[in-house]
Amino acid sequence: MHTRPWIVDDDLWALIEPLLPPWPEKAPGPRPVPDRLCLHGILYVLHSDTAWQLLPLELGFGGDKGYDSDPKRRGGLLPMP
């Protein structure tokens, strides 16, 4: 068993990656984080029962990166609990 179960190994990623939609050509900017790294973050949140905003920066992203606390700039959406 992995000591870090949120890490997706190459064999599992080879199965998951083809299922993901392609990044839109006319996206309004660069992709914020690579898909695999984003999946690591999602699995970390599920495994550790922590808030998305509290992800450790050692994962390559986390904290408030990519999160805008102003609902007007987020399109009026409320923050996740």
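Start with His-40: setting aside neighbours within four places in sequence, its contacts (heavy atoms within 4.5 Å) are Trp-6, Ile-7 and Val-8. His-40 sits in helix H2. Is this histidine buried or exposed? His-40 is buried, because its relative accessible area is 12%, and buried here means under 20%, exposed over 50% and partly exposed in between, using a 1.4 Å probe and protein chains only.

Before going on, a word on where this comes from. The model is predicted, so local features need pLDDT of at least 70 and side-chain atom pairs count only at pLDDT 80 or more, while totals for chains, interfaces and linings use all residues. Residues are numbered from 1 along each chain as its sequence is written, and side-chain values use heavy atoms, with hydrogens and water left out.

Helix H2 covers residues 35-48 and also holds Leu-46. Leu-46 counts as exposed because its relative accessibility is 65%. Together with Ile-42 and Trp-52, Leu-46 makes a nonpolar surface patch of about 300 Å². For such a patch, residues need over 30% relative accessible area and no salt bridge, and nonpolar side chains (Val, Leu, Ile, Met, Phe, Trp, Tyr) are joined within 5 Å, like charges within 9 Å. A salt bridge would be a side-chain nitrogen of Lys or Arg within 4 Å of a carboxyl oxygen of Asp or Glu.

Now the whole chain. There are two helices and zero strands, taken as DSSP runs (H or I, at least four residues; E, at least two) numbered from the N terminus. Of the 81 residues, 17% are buried. Among contacts with a separation of 6 or more, 30% come from residues 24 or more positions apart.

Key: Accessible areas come from the Shrake-Rupley method with a 1.4 Å probe; for residues, only the protein chains shown count as cover.
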